[in-house]
Amino acid sequence: MIRANSTRREVALVHCRRYDEEEVFRSVERAVDLIGGIGRYIKPGSRVLLKPNLLMGAGPERAVTTHPAVVCAVARLLSAHGCTVIIADSPGAGTRYTRRNLEHAYETAGFTAAAAYPGVSLSTDTSSQEVSCPEGKVMKRFSIIDEALNADAIVVVSKAKTHLFTTYSGAVKNLFGVVPGLEKPVFHARFRQTEHFAEMLLDLNTCVVPVLHVMDAVIGMEGDGPMSGSPRPIGAVLASPDPTAVDIVTARLMGMDPATLPTINAAVGRGWVSPNFDEIKVVGDDEAAVAVPDFRHPSTHPAAPAVSFLNRQVLRFMQGRGTLTRPLPLPDPARCTGCGRCVLTCPVNAIALENGRAVVEEERCIRCYCCHEMCEEGAIDLKQGPLSRFVSRFLP
């Protein structure tokens, strides 16, 4: 496995307003060139895992997955560099990790077009192995898909999205896809607080270390992501060997204060980045020209650009008191189809089907929002209790 140079903090940002195949390729190529070119990170002839955000497969127009134009652009760049490129991901926790489900997800997301380039293929290998993570803070072992372990290098191609549980889903969070699908609920059951879940994600990023990150921020997802939010144009492609740096810059484009994001806070705590982020340098096009200040945040984490230091500390204290400060996922019987995906997804067995409709046991629910994330029908709403209403109003 090739490790990224952890001392680099450059993030390339290139304006890209639409998913035109050639425009996206030129933008990706220029972004990678701005940080040294593909040859700086990958040797010709390498076997490369190209890891997109697949979730469980969704049409490109929904902004749920990495857009196929960006996946194709990175695949094309690696193919031209003489690499063997394997596109692989493990779908979300509510999808069984099988060959058939992978094929369906690739087709739905539009990734099959990438296989037209020489040396590029879509993996349906579902094997995995347990590996040690000696540098981990909260995790010392992970189950990792074989395609990640067998690669000479990994390139992650993320999607700029909001997330009900972690607020933001980007480069650091995207690597969670190398953990086999139905093993993901175990992590949600074990790490119920966002700050603990973030520490686990950073451990994973020390166990499996991509050499390059490309961010699809042409159109992001706002609102209640990562599945049920709404597409929102941003207009950029970003690239860096540093996932934390990519996430900091992307979060700013999405109108978020990076200091409020769990994975960024955890990275600051580990000394991976300074609290004021002054070592991060954006190269390329103007960041301010594509920033979206009114980007809609998830309903579990209200936007608060002018939060005082005291308010932040009080909010963090309350959020750490337990799940009662977070909204309860509530299936809508009128929209629920009784597919059972949420039952399969729930890490603590808090959901059951009654009369063909999903029902959540409030006392058992840990508010990880896996059910909301994996519901294709968008049938799960969020119900705020007294404490969560107070938290949501505490910040201006």
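**Helix packing and a buried glutamate**

Colleague: Which residues of helix H3 are buried?
Modeller: The model is predicted. Helix H3 spans residues 99-109. Its buried residues are Leu-102, Ala-105, Tyr-106 and Ala-109.

Colleague: Within what arc do the buried residues of H3 fall, seen down the axis?
Modeller: An α-helix has 3.6 residues a turn, so residues three or four places apart point the same way. The buried residues of H3 line one face of the helix. That is because they fall within an arc of 100 degrees.

Colleague: Which exposed residues does the face of H3 turned away from its buried side carry?
Modeller: The buried side packs against H2, strand E3 (84-87) and strand E4 (120-122). The face turned away from that side carries Arg-100, His-104 and Glu-107.

Colleague: How are H1 and H2 oriented to each other?
Modeller: H1 covers residues 21-34 and H2 residues 68-80. Their axes lie 9 Å apart, at an angle of about 55 degrees. An angle between 35 and 65 degrees counts as oblique. The two helices are therefore oblique.

Colleague: How many nonpolar, polar and charged residues has the contact of H1 with H2?
Modeller: On the H1 side, the residues include Val-24, Phe-25 and Glu-29. On the H2 side, they include Ala-73, Arg-76 and Leu-77. By class, the contact has 9 nonpolar, no polar and 4 charged residues.

How values were computed:
Residues numbered from 1 in each chain as written. Predicted model: local features only at pLDDT ≥ 70, side-chain atom pairs only at ≥ 80, totals over all residues. Heavy atoms only, no water. Axes fitted to C-alpha atoms, helices over the stretch in contact; angles between N-to-C directions. Helix = DSSP H or I, 4+ residues; strand = E, 2+ residues; numbered from the N terminus. Parallel < 35°, antiparallel > 145°, perpendicular 65-115°, else oblique. Contact = heavy atoms within 4.5 Å. Nonpolar A, V, L, I, M, F, W, Y, C, P; charged D, E, K, R; others polar. Buried < 20%, exposed > 50% of the residue type's maximum accessible area, 1.4 Å probe, protein only. Arc of directions from axis to C-beta.
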